[in-house]
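Hi everyone, thanks for coming.

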Amino acid sequence: TQNKQKNGTHLYFQWIHCIGNWGEEHTMCKKMRWYLERMMHEFWLEKWEEKRALGHFDYVTQYGMKPYKEFVPMYQPVKKNRPGAYEFWADRDFEPLYTDDANDWRVHAPVLHDIFVKGKKPIE
């Protein structure tokens, strides 16, 4: 747990440094925020956001200074040639491919119900 919390704090500092230097709408900062939201627990993210709202990080977000003395920025630009996880998911749309009526697969796909629940062998 402690390592996850340290990593989350580190990513938060990376993100606020990015928005302090590039702006919140920059693609690099959006990418950093995406990683932050996946790596840091919601509870801690809320706490850090409260601290930011109170002005604890104004020197970083407004003037682009380092959050602490030994800080090294590690955020990366959005990749074009070899996309990573952010680039892979960024161009996906998350429209549900099913209707609400099709949620119950036992009714709409009885063959799957027979295979997974009753253990019947699929026809080969």
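Let's start with the rule for a pair: rings of Phe, Tyr and Trp (for Trp, the six-membered ring) pair if their centres lie within 6.5 Å, and planes under 30 degrees apart count as stacked, over 60 as edge-to-face and the rest as tilted. Please keep in mind that this is a predicted model, where local features need pLDDT of at least 70, side-chain atom pairs count only at pLDDT 80 or more, and totals for chains, interfaces and linings use all residues. Residues are numbered from 1 along each chain as its sequence is written, and side-chain values use heavy atoms, with hydrogens and water left out.

With that rule, we get 10 aromatic pairs. Take phenylalanine 13 and tryptophan 48: the ring centres are 5.5 Å apart and the planes sit at 80°, so this pair is edge-to-face. It joins distant parts of the chain, as phenylalanine 13 is in helix H1 (residues 2-22) and tryptophan 48 is in helix H3 (residues 42-53), 35 residues apart. Helices here are DSSP runs of H or I, at least four residues, numbered from the N terminus. Both residues, phenylalanine 13 and tryptophan 48, are buried, meaning under 20% relative accessible area with a 1.4 Å probe, protein chains only.

Now, how does tryptophan 48 pair with phenylalanine 57? Their ring centres are 5.8 Å apart with planes at 25°, so that pair is stacked. Phenylalanine 57 is buried, as is tryptophan 48.

Zooming out, one aromatic cluster is formed by Tyr12, Phe13, Trp15, Trp48, Phe57, Tyr68 and Phe71.

How values were computed:
Helix = DSSP H or I, 4+ residues; strand = E, 2+ residues; numbered from the N terminus. Buried < 20%, exposed > 50% of the residue type's maximum accessible area, 1.4 Å probe, protein only.
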